[in-house]
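Try each task before reading on.

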Amino acid sequence: MSEKLSLPIGTTLSRFIRERQEQFTYASGELSQLLRDISVAAKVVNREVNRAGLTNILGKHGAQNVQGEEQQKLDVIANNLFIKSLSNGGEVCAIISEEDENITDTQNPHGKYVIAMDPLDGSSNIDVNVSIGTIFSIYRRQSPVGSPVQESDIFQKGTEQVGAGYTLYGSSTMLVYTTGHGVNGFTLEPSLGEFLLSHPDMKIPTKGKIFSINEGSAVDFGQAVKNYVSDCKKNKFKGRYIGSLVADFHRNLLKGGIYVYPSTKSAPNGKLRLLYECNALAFIAEQAGGKSSNGIQRTLEIEPTELHQRCPLYIGSKEMVERAESFIMAGE
Ligand code: AHM
Ligand code: MG
């Protein structure tokens, strides 16, 4: 039997970034390098995620490792890895992370970029072998290069993003990103250790049949949200909720759908964080032809005033988000 060897040759992420850098004037070499740094850190996090189950088996019985250090949770490991990689890279002057109460000064006063990130999103899925992700936003600093980082560098609206993306650690590992010229997805070819272009110029269907919301919290929803959920059911939409924002968003991006994390009685601003969860995905959604809002206002135009600010999120297929908004704006 003669079976040809199939060589997984395609456009690598590095090559794609390099070619895009030549194609668009937006990209200084630093932004391209920054994207490459992120992709390398993502590969390392991917390795840790893949052997997460083994780490426990290989570790000691208690919560300490052989050096007597606390065994770190995967989200802390991912945070440390990204911070180290971005600090070493030199392009970033400050990092906002879900894992850190305050801004991390990378000690690169000449870095032109600020990163906001959730190093490992979907915490409740980490220990149960269900898809999780990394989310990142890239901003250009506003203050002069070389000066200390200012508030104006940190509290920028989502419209100011120069890049955003996510890594999905799922049945395969993907990196999806935009620099404002469409959305492209890359799948990690594990034997080569390379991200290869697998989903060029991604577009979200304008309407879909999937709604993703945690209905377990329904008792806490306002009437407008309850009405919208009933509307989805009347339309016989499929309910799909992984509980990992990146994974739920990614599925809806490919198939068409809406993800909702609404305001609730106990959490009037919802749960998700504007700076390092919502804005990145909103940028991607819009670049793919979709939409994102807090129910009444475009996500990317929300004014950030706090590092860990929360906001309700309605994101996905344009027509579905618009329909959800019509319920929220009608109120109750
Ligand atoms: P995390 O950043 O602590 O992981 O929380 C964010 C996650 C999202 O990935 C997910 O969509 C949501 O929280 C699930 O929350 P809930 O369990 O309330 O439905
Ligand atoms: Mg998170």
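**Exercise 1.** Which residue stands opposite Gly185 in β8?

Solution. Note the conventions first. The model is predicted: local features need pLDDT of at least 70, side-chain atom pairs count only at pLDDT 80 or more, and totals for chains, interfaces and linings use all residues. Residues are numbered from 1 along each chain as its sequence is written, while chains are lettered from A and ligands numbered from 1 in the order in which they are written.

- Step 1. Find the strands. Helices (H or I, at least four residues) and strands (E, at least two) are DSSP runs, numbered from the N terminus.
- Step 2. Pair them. Strands pair if DSSP finds at least two bridges between them. β7 (residues 183–189) and β8 run antiparallel, joined by 5 bridges.
- Step 3. Read across. His199 in β8 faces Gly185.
- Step 4. Check the turn. The hairpin has 4 residues between the strands, and Gly193 takes a positive phi near 70° there.

**Exercise 2.** Which residues of α7 are buried, and why do they line one face?

Solution. 

- Step 1. Set the cut-offs. Buried means 20 or more other C-beta atoms within 10 Å of the residue's own, exposed 12 or fewer, and partly exposed in between; C-beta atoms are placed from the backbone.
- Step 2. Apply them to α7. Val225, Tyr228, Val229 and Cys232 are buried. Seen down the helix axis, the buried residues of α7 fall within an arc of 100° (taken from the directions from the axis to the C-beta atoms), so they line one face.
- Step 3. Recall the geometry. An α-helix has 3.6 residues a turn, so residues three or four places apart point the same way.
- Step 4. Look at the other side. Gln223, Ser230, Lys233 and Lys234 are exposed on the face turned away.
- Step 5. Find the partners. The buried residues pack against β9 (210–212) and α10 (318–330), where contact means C-beta atoms within 7 Å.

**Exercise 3.** Where is Asn129 found, and is Asn129 buried or exposed?

Solution. 

- Step 1. Asn129 is in the loop between α5 (123–126) and β4 (132–140).
- Step 2. Count neighbours. Asn129 has 10 C-beta neighbours inside 10 Å, so Asn129 counts as exposed.
- Step 3. Read phi. Asn129 has a positive phi, near 60°. Most residues other than glycine have a negative phi.
- Step 4. Asp201 lies in the loop between β8 (194–199) and β9, with phi near 45°. Asp201 counts as exposed because 12 C-beta neighbours lie inside 10 Å.

Definitions and conventions
Two residues are in contact if their C-beta atoms, placed from the backbone, lie within 7 Å.
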